[in-house]
Amino acid sequence: MDIKETSAPSGSLIAAYAARDGYYTDGFETPCEQGVTLPDFMNAFYTQFLFRAERVVLRFAARAPSTDSEVAALAAGTSTRLAIWQVEDRRPDQVLLREKSGRTASWLQVDDGLLRFGSVVVPVAGRGGKPTLGPVFDSLMGAHKVYSRALLSGAARRLARS
């Protein structure tokens, strides 16, 4: 699967975060068939095997269960919540979901034959008030990028099979 790391597209819901000092943003993209909609992408993303495993972890670790029907409602726009996420903003081609602590957000976009997935990590005040992501996130950066690529790849494969 051809997954490329990319910067935040101008005008995207993640772009404002990318411009903020100390904030971490990333983005990954892969080609898709024309005609894939944001709800298609959201359903494929949040119901794929890898993300189902994350949902199981969240059920127990965060006491935040979720179901495929809740994914379908989120994708359709009839719900604004899924497990630990709340819709921060949504447009016909993209959605930004903020995690309940406010420290992270996830972004999905379908645009001109591309599927895009990205993340935001909000810094906290470090020594002297300088924004920092913290040692935990810094140590997990490599794993985060591998996981992000795997999630996007899994969703793209799922869409290609349907």
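User: Hi! What volume does the largest pocket have?

Analyst: The largest pocket has a volume of about 640 Å³. This is a predicted model, in which local features need pLDDT of at least 70 and side-chain atom pairs count only at pLDDT 80 or more, while totals for chains, interfaces and linings use all residues. Residues are numbered from 1 along each chain as its sequence is written, and side-chain values use heavy atoms, with hydrogens and water left out.

User: What counts as a pocket, and how does its volume come out?

Analyst: On a 1 Å grid over the protein atoms alone, a cavity is a set of points where a 1.4 Å probe fits but cannot get out, whereas a pocket is an open set with protein on both sides within 12 Å along at least five of seven lines. Lining residues have an atom within 4 Å of a point. Grid points are joined across faces, edges and corners, and the volume is the space filled by probe spheres set on the points.

User: Which residues lie nearest the centre of the largest pocket?

Analyst: Glu54, Thr104, Ser119, Phe137 and His144 lie nearest its centre, out of 26 lining residues. The elements that give two or more residues to this lining are helix H2 (38-47), H3, strand S6 (104-111), strand S7 (114-121) and H5. Helices (H or I, at least four residues) and strands (E, at least two) are DSSP runs, numbered from the N terminus.

User: Which element gives the largest share of that lining?

Analyst: H5 does, with eight residues.

User: And how does the lining split by class?

Analyst: The lining has 17 nonpolar, six polar and three charged residues. Here Ala, Val, Leu, Ile, Met, Phe, Trp, Tyr, Cys and Pro count as nonpolar, Asp, Glu, Lys and Arg as charged, and the others, Gly among them, as polar.

User: New topic: how many salt bridges does the structure hold?

Analyst: Seven, a salt bridge being a side-chain nitrogen of Lys or Arg within 4 Å of a carboxyl oxygen of Asp or Glu. One of them joins Glu5 to Lys145, with the closest N and O atoms 3.2 Å apart. Glu5 lies in strand S1 (residues 4-5) and Lys145 in helix H5 (residues 135-161), so this pair ties together parts that are 140 residues apart in sequence.

User: What else does Glu5 pair with?

Analyst: Arg149, in a salt bridge of 3.9 Å, N to O. This pair also links distant parts of the chain, with Arg149 in helix H5 and Glu5 in strand S1, 144 residues apart. Glu5, Lys145 and Arg149 are linked in a network of salt bridges. As for accessibility, Glu5 is partly exposed at 41%, Lys145 is partly exposed at 26%, and Arg149 is partly exposed at 30%.

User: Which residue does Asp68 bridge to?

Analyst: Asp68 bridges to Arg55, with the closest N and O atoms 2.9 Å apart. Asp68 lies in helix H4 (residues 68-76) and Arg55 in helix H3 (residues 49-61), so the pair ties together parts that are 13 residues apart in sequence. Arg55 is buried at 8%, whereas Asp68 is partly exposed at 31%.

User: Last one, strand S2. What does the side chain of Thr30 reach?

Analyst: Thr30 is found in strand S2 (residues 24-31), and its side chain reaches the backbone oxygen of Asp2 at 2.6 Å. Thr30 is buried, with a relative accessible area of 1%. Glu29, also found in strand S2, counts as buried at 16%.

How values were computed:
Buried means under 20% relative accessible area, exposed over 50%, partly exposed in between (1.4 Å probe, protein chains only). A polar contact is a pair of N or O atoms within 3.5 Å; within protein, one must be able to donate a hydrogen and the other to accept it, and residues adjacent in sequence count only if both atoms are side-chain atoms.
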